[in-house]
Amino acid sequence: MEGDPDQYPGISKIMGLLKVLAEAGGGGDLYQLGVDLHLELGEELQLVRAAESLGFVQTPGGDIALTDLGRDILKKDINGRKKLIRDRILTLPLFQTVLGWLSEEEDKSLPADKIRERLVEAFPQEDPEGQFQILVNWGRYAELFGYRADREELYVDQGD
């Protein structure tokens, strides 16, 4: 995912997209969706790509459609959503890689700058700042990671 890090979609934006699609009967025209939601093309593509990476939507041709998983998450309460998001992000190479790095550390944490450096090496085609924002946003939502802003440090959330 490339672009402005502030445009990287959080879980709330993804959920909003899924709700809009559900209200529209489960799908629609991708271009019209962007118009209806007043999204710039880059922002829309990032949002759709994020929802697609989690398995919540499909984009056949110029359309977008909810998957069964996308419909399922809308039926869940907040805890059910967190669990489902956690299960989904654990299948993504970005999260698997960073979780591996953190698990190797004695205190299960790493400074943000070290993670960004490693992201450049591990995923050279991607924007490390955007990836880091996704790690923090999605990881915190799913209670997989925590972030200590005062120390600029990402850590494995161990439920403490």
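Modeller: Start with one cut-off: a residue is buried if its relative accessible area is under 20%. Keep in mind that this is a predicted model. Now take Phe-132. Its relative accessibility is 2%, so Phe-132 counts as buried.

Colleague: How do I read a pair of aromatic rings?

Modeller: Use the distance of the centres and the angle of the planes. Three aromatic pairs are present in this structure. Take Phe-95 and Trp-138. Their ring centres are 6.3 Å apart and their planes make 5°, so this pair is stacked.

Colleague: Which parts of the chain does the pair link?

Modeller: Distant ones. Phe-95 belongs to helix H6, residues 93–104, and Trp-138 to helix H8, residues 128–141. The two are 43 residues apart. Both Phe-95 and Trp-138 are buried.

Colleague: What kind of aromatic pair do Phe-132 and Tyr-147 form?

Modeller: An edge-to-face one. Phe-132 and Tyr-147 are 5.8 Å apart, centre to centre, with 75° between the planes. This pair, too, links distant parts of the chain: Phe-132 is in helix H8, while Tyr-147 is in strand S5, residues 145–148. They are 15 residues apart.

Colleague: Which residues do ring pairs link into a cluster?

Modeller: Phe-95, Trp-138 and Phe-145.

Colleague: On to the sheets. What is the order of the strands in the sheet with S4?

Modeller: Read it as S4-S6-S5, an open sheet of three strands with antiparallel pairing. At the edges are strand S4 (109–111) and S5, each pairing on one side only. Ignoring direction, neighbouring strands here are turned by 20° against each other on average.

Colleague: How many bridges join S5 and S6?

Modeller: Four. S5 pairs with strand S6, residues 153–156, in the antiparallel sense. Helix H8 lies across S5 and S6, at about 115° to S5.

Colleague: What do S5 and S6 form?

Modeller: A hairpin, with four residues between the strands. In the turn, Glu-152 has a positive phi of about 50°.

Colleague: And the sheet with S1, what is its order?

Modeller: S1-S3-S2. It is an open sheet of three strands, with antiparallel pairing. Strand S1 (27–29) and strand S2 (57–58) are the edge strands, each pairing on one side only. S2 and strand S3, residues 63–66, pair over two bridges. Val-57 has Leu-66 in S3 as its bridge partner. Helix H1, residues 11–23, lies across S1, S2 and S3, running at about 95° to S3.

Colleague: Pick a residue of S3. Where is Ile-64 found, and what is it in contact with?

Modeller: Ile-64 is found in strand S3. With a relative accessible area of 2%, Ile-64 is buried. Beyond four places in sequence, its contacts include Leu-17, Leu-21, Leu-30, Leu-33 and Val-57. Val-48 is also among the contacts. Ile-64 and Val-48 are 16 residues apart in sequence, yet 8.3 Å apart in space, C-alpha to C-alpha.

Note on methods
Residues are numbered from 1 along each chain as its sequence is written. This is a predicted model: local features need pLDDT of at least 70, side-chain atom pairs count only at pLDDT 80 or more; totals for chains, interfaces and linings use all residues. Side-chain values use heavy atoms; hydrogens and water are left out. Rings of Phe, Tyr and Trp (its six-membered ring) pair if their centres lie within 6.5 Å; planes under 30 degrees apart count as stacked, over 60 as edge-to-face and the rest as tilted. Buried means under 20% relative accessible area, exposed over 50%, partly exposed in between (1.4 Å probe, protein chains only). Two strands pair if DSSP finds at least two bridges between them. Contact means heavy atoms within 4.5 Å. Axes are lines fitted to C-alpha atoms, for helices over the stretch in contact, and angles run from 0 to 180 degrees between N-to-C directions.
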